[in-house]
Amino acid sequence: MSPMPLAVEIVRSPRRRKTVSAELRGGVVRVHVPSWMAAAEVDRHVAELVPRLERRWRSSHVDLPARAAELAARYRLPAPTSVVWAENQRRQWGSCNVHTGEIRLSMRLADYPGWVVDYVLVHELAHLVHADHSPAFKALVARYRLAERARGFLMAKEDVTGEPAPDADEPAPPPAPPPPPPPTGSPASSLPPPAGRRARDPRPPRPARVLAGQLALEL
């Protein structure tokens, strides 16, 4: 599962007005953009869409259920009911529902070596026995001989990229309280923006859309 950059082809179309989409065909990522779009904006969309498609492509070549079943048998752990990739799981490397036996792995792991994916699987399988990070739980995880090495690998990724920590399946801290309202008589909306800065557009950003199909994305 080492990263294998795919070839990228930019397809400009006068029929497109705003949307940008990407698809994978024959090992080539084709990014469709409007003909008027500047090169810098095209590069920004390529940087966002292409890595996501590459992860999907790599993850599609990994049989997670078979891998989890093999690890469960090897390390004498319960077999999960299902194991799937989760593209929207960004705060956790893996998550486990101890009641249903379902395991979800962040698709970001598709970029990393197989022994790292195996560690996260063993970590989540151990939660089917102990729903905590007690010494008994850690003893089960330690049956995987590359556990410490994999933890160090993921911790290094966290330090460099800000990605989730290996034990990020613990409850997240509560959100910070909202800021206090502005003083009466001086609403925030009446204040002009600082010199040299533009006022913030009050309209919400246009959400990204995902096209039907496994290897197609649209913004």
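Once neighbours within four places in sequence are set aside, Leu109 is in contact with Trp85, Trp93, Val116, Val117, Val120 and Leu154.

Leu109 belongs to the largest nonpolar core, a set of 32 residues in which Leu109 itself, together with Leu64, Trp85, Leu105, Tyr119, Leu121 and Leu154, has the most contacts. At least two residues of this core come from each of α2 (64-74), β4 (82-86), β6 (102-106), α3, α4 (135-141) and α5 (147-161), and the element that gives the most is α3, with eight residues. Apart from this core lies another, of twelve residues, which includes Leu6, Ala22, Val29 and Met37.

Helix α3 itself spans residues 114-127, and its 14 residues reach 20 Å from the first C-alpha to the last, close to the 20 Å expected at 1.5 Å a residue. The helix is mostly covered, with 13 of its 14 residues counted as buried.

Ala72 counts as buried because its relative accessibility is 4%, under the cut-off of 20%. Beyond its neighbours within four places in sequence, Ala72 is in contact with Leu77, Pro78, Ala79 and Leu125. The C-alpha atom of Ala72 is also separated by 7.5 Å from that of Val122, although these two residues are 50 apart along the chain.

These details sit within a chain whose secondary structure comes to five helices and seven strands, running from the N terminus in the order β-β-β-α-α-β-β-β-α-α-α-β. Of the 219 residues, 38% count as buried, while the chain exposes about 13,600 Å², of which carbon and sulfur atoms supply 56%.

The confidence of the prediction also deserves attention, for the mean pLDDT of the chain is 74, and 68% of its residues reach 70 or more. Over residues 185-219 the pLDDT is below 50, and this stretch has 49 contacts in the model beyond near neighbours in sequence. Residues 165-175 likewise stay under 50, with 23 contacts beyond four places in sequence. Where pLDDT is low, the predicted coordinates should not be read in detail.

Definitions and conventions. Residues are numbered from 1 along each chain as its sequence is written. This is a predicted model: local features need pLDDT of at least 70, side-chain atom pairs count only at pLDDT 80 or more; totals for chains, interfaces and linings use all residues. Side-chain values use heavy atoms; hydrogens and water are left out. pLDDT is the predictor's confidence in each residue, from 0 to 100. Contact means heavy atoms within 4.5 Å. Helices (H or I, at least four residues) and strands (E, at least two) are DSSP runs, numbered from the N terminus. Buried means under 20% relative accessible area, exposed over 50%, partly exposed in between (1.4 Å probe, protein chains only). Accessible areas come from the Shrake-Rupley method with a 1.4 Å probe; for residues, only the protein chains shown count as cover. The expected span of a helix is 1.5 Å times one less than its number of residues. A nonpolar core is a set of buried Ala, Val, Leu, Ile, Met, Phe, Trp, Tyr and Cys residues joined through side-chain atoms within 4.5 Å.
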